[in-house]
Amino acid sequence: MDRRKFLIAMNVALGSQMIAPLQRILAAQAQIDPVSFTGGAALFSDSERAAVAALSEIIIPTTDTPGAIAAGVPDYIEFMLSEWYDKDERIRFLIGIKQVVAYATVTQDTPFADLEADQQTAIVQRMHDGQMPVMRDGGRAFFEHIKQLTLAGYYTSEIGMTVERIYLPVPGRFDGAYPYAKAGTLFTS
Amino acid sequence: MEFDFDAIVVGSGSTGGWAAKELTEKGLKTLMLDRGHMIEHSIDYDFEGTPAFEMPYRGNWPPGLQEKYFQQWAASPYTYRYWNDDSRFPYIDDPEKPFRWARSGAFGGKSIAWGRQTYRWSDLDFKANERDGHGIPWPIGYADIEPWYSYVERFMGVQGEARDLPQLPDSEFIGQVPLNFAEEHFKREVEGKLGRAITVGRTMNLMEDRPDQGRGRCQFRDQCWKGCSYGAAPSTQATTLPAAQKTGNLSIRTDATVSELIYDADTQRVTGVRVIDTNTREETIYRARMVFLNASCLSTTQILLNSKSEAMPRGLGNTHDMVGRHVMDHLFGVGATGTLPGHTDLMEYGRRPASLYIPRFRNINAETDEDADFIRGYNYQAWGGGRSGPQDYSGFGAGLKAQLRVPGAWRLPLHGFGEVLPNHSNRAYLDETRTDDLGMPLMRFDVEWGENEQKMAKEIAREAARMLETAGFVDIEVRDEIGAPGIGIHEMGTARMGDDPTLSVVNKWNQMHIADNVFITDGAFMTSSGTVNPTMTYMAFTARAADHAVELFQSGQI
């Protein structure tokens, strides 16, 4: 939700009570663009980028709500790696993804992203269990790394915050004993 | 002498706002100065209501930015513009005796960022020094300030529950924030089994619209810290500033660092203030008949100590080395958190500006408190509770996604706030060589809590755990390490009030003993710390002092 929509939501909640400065902003303020994650320097090769996307979607798949790819998690991961990570952290991730890509190519003669879903999941399971050859900690360290990035990216994305969870910018009231069944998930702000 | 203004108010936070409102409403041409940049109500609340997906770096600190705020632990990627730029204006923090100075860097001061907890003092607080001999007696009591509490409350709007407790007088409440399920449970059990009053935290948050002030009621968004465009949270911008501006008597200058008050030994008065432009470094002198010092306790201390003249080479009003002494805060960091088993069919809807509060119950009654091994009292707030975040992060795939739709258990954190004693050796002072980017000597602190505070902290932690246990909470985590002084952000006491000019800095009207046209009404005037959050007490004293100042002005005495 951009600031303008937020102010409109406030206006609805307030009825006619919206104060003058808010009305001025509503009238004047240009829409603020949602933050784009395409601005960072390209970091991955095409096959790495495709593998990151496939891995994130396995961690948070499309179910009754959209999954990691629809939520822009792959772009988020590449952006954070190139713009926010320090060098050592970035290299640690890049080694991991290169090893996953190489493993698929060597053992299946197929890019990771082109493997069947059950083959991909089997590789993720092996990392999860620490059973991947060559990789540090049997792949567990890289799995934890991409899992945490995926969760951070997904649950701070617009889809994660407004579709998977219930976005409640202006609750208007407080209920300290609200039935969980009515929400079935968490509220975000 | 030619005066530019009738009054100058140094600072625009909670007390500067009140000083400006009262002085201008009573007809004085007033200049309000603030060292920070302007923050316009609503317009400059950059990240109010901004969800993470619209934040730079999803609400993480943008690379390199946090270094500017390296001493401002309370600053966040959402609020940093309200805080001090430590890269230009640091203080000296002794690693052996750490001190935390949360310092504003913007117009409105900490009034945008504060916790809004609002409690009246009682005579239990005002008489404490006199009773046990620590510090010096307060020259006034509850009866003197009671009408001013009402005056402030009616304007600002305070929510809470009337309980008629002698140790915690009721405010004039409008509405009340509800407790959550776990808090209701705790209240029932602890009131029933231990006979202690449990209530909701009292805060300055509007529960009803105030169209007369252009303020709307609280929407339970939890945006208070980022600036509240509704004006439901009580920033200067939303409350006192519009009132002062309406009079036509207010001038404002931001980016204006007051480096010193100019003292005239012949008239024994301050004739004006020296201002350094925070950006251009250009110096200006403004002259006025009176000055209200509301820069916040430690900045006020810095200005006083830096106001050196031939007559007062140790700083204004500091011939007796009282300025900067008796630094107080509230004990903070100790308490306990517990889990209420079950009831996972319920959760919170909305985000409150207040939560459970446990008023002082200790050292109220000599008979029942014989066993206490410390003097003074403490209370608890309980913010940060409710259902915790999801607990099961195992695995991956659809299973993980489903797990993350389930909030964790009901948690109740009890945060103790304890009274500290005024101690002459707890001191804020100027460094002799190092200066900030504008040439102001850096502040240093020599503050540590004593035996009474240590004993009280142990009991705060122990009693928190005992109450949680009594109420059926489990998995109780006890926190018994006191945080560094300053961490309560209730710094106060460095220019204390008293009748005796040899032992205090201001008189019972907040006037400096040595210059009766200077009024200090931020936390610096506090003679003892009391148990409760102090801001409303500062506001009430400010309104009272301004009323007195205007009387003196109108009768030609100032």
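Author: Two residues are in contact if their C-beta atoms, placed from the backbone, lie within 7 Å. By that rule, 46 residues of chain A are in contact with 47 residues of chain B. This is a predicted model, in which local features need pLDDT of at least 70 and side-chain atom pairs count only at pLDDT 80 or more, while totals for chains, interfaces and linings use all residues. Residues are numbered from 1 along each chain as its sequence is written, and chains are lettered from A and ligands numbered from 1 in the order in which they are written.

Reader: Which elements of chain A supply at least two residues of the side that touches chain B?

Author: They are α1 (3–14), α2 (20–28), α3, α6 (117–129), α8 (158–164), β2 (175–179) and α9 (180–183). Helices (H or I, at least four residues) and strands (E, at least two) are DSSP runs, numbered from the N terminus. The largest share, five residues, comes from β2(A).

Reader: How do the residues of that side of chain A divide into nonpolar, polar and charged?

Author: Ala, Val, Leu, Ile, Met, Phe, Trp, Tyr, Cys and Pro count as nonpolar, Asp, Glu, Lys and Arg as charged, and the others, Gly among them, as polar. On that scheme the side of chain A that touches chain B has 30 nonpolar, 10 polar and six charged residues.

Reader: What makes β2(A) and β9 of chain B a pair?

Author: Two strands pair if DSSP finds at least two bridges between them. β2(A) and strand β9(B), residues 346–349, have three bridges, in the antiparallel sense, and therefore meet that requirement. In one of the bridges, D175(A) has Y349(B) as its partner.

Reader: Why is α3(A) called roughly perpendicular to α5(A)?

Author: Angles under 35 degrees count as roughly parallel, over 145 as roughly antiparallel, 65 to 115 as roughly perpendicular and the rest as oblique. Axes are lines fitted to C-alpha atoms, for helices over the stretch in contact, and angles run from 0 to 180 degrees between N-to-C directions. Helix α3(A), residues 46–59, and helix α5(A), residues 87–108, pack at about 95°, with their axes 10 Å apart. The angle therefore falls in the roughly perpendicular class. S47(A), E48(A), A51(A) and V52(A) of α3(A) meet I97(A), K98(A), V100(A) and V101(A) of α5(A), and these residues divide into five nonpolar, one polar and two charged.

Reader: What makes α3(A) roughly perpendicular to α6(A)?

Author: The axes of α3(A) and α6(A) come within 10 Å and cross at roughly 80°, so the roughly perpendicular label applies here too. A54(A), L55(A) and I58(A) of α3(A) make this contact with Q120(A), T121(A) and V124(A) of α6(A). The residues are four nonpolar, two polar and no charged.

Reader: How do you know that α3(A) has a span close to the one expected?

Author: The expected span is 1.5 Å times one less than the number of residues. For the 14 residues of α3(A) that expectation is 20 Å, and the helix reaches 20 Å from its first C-alpha to its last.

Reader: Are D475(B) and N510(B) buried or exposed?

Author: D475(B) has 12 other C-beta atoms within 10 Å and is therefore exposed. N510(B) has 28 and is therefore buried. D475(B) lies in strand β16(B), residues 474–479, and N510(B) in the loop between β16 and β17 of chain B. Phi is near 50° for D475(B), a positive value in a residue other than glycine; for N510(B), also not glycine, phi is positive, near 65°.

Reader: Why is β18(B) called largely enclosed by the rest of the structure?

Author: Five of the six residues of β18(B), residues 515–520, are buried, so the description holds. Strand β7(B), residues 283–293, pairs with β18(B) in the parallel sense over three bridges, with F292(B) opposite F519(B). Strand β17(B), residues 511–512, pairs with β18(B) in the antiparallel sense over two bridges, and M512(B) stands opposite A515(B). β17(B) and β18(B) form a hairpin with two residues between them.

Technical notes:
Buried ≥ 20, exposed ≤ 12 C-beta atoms within 10 Å, placed from the backbone.
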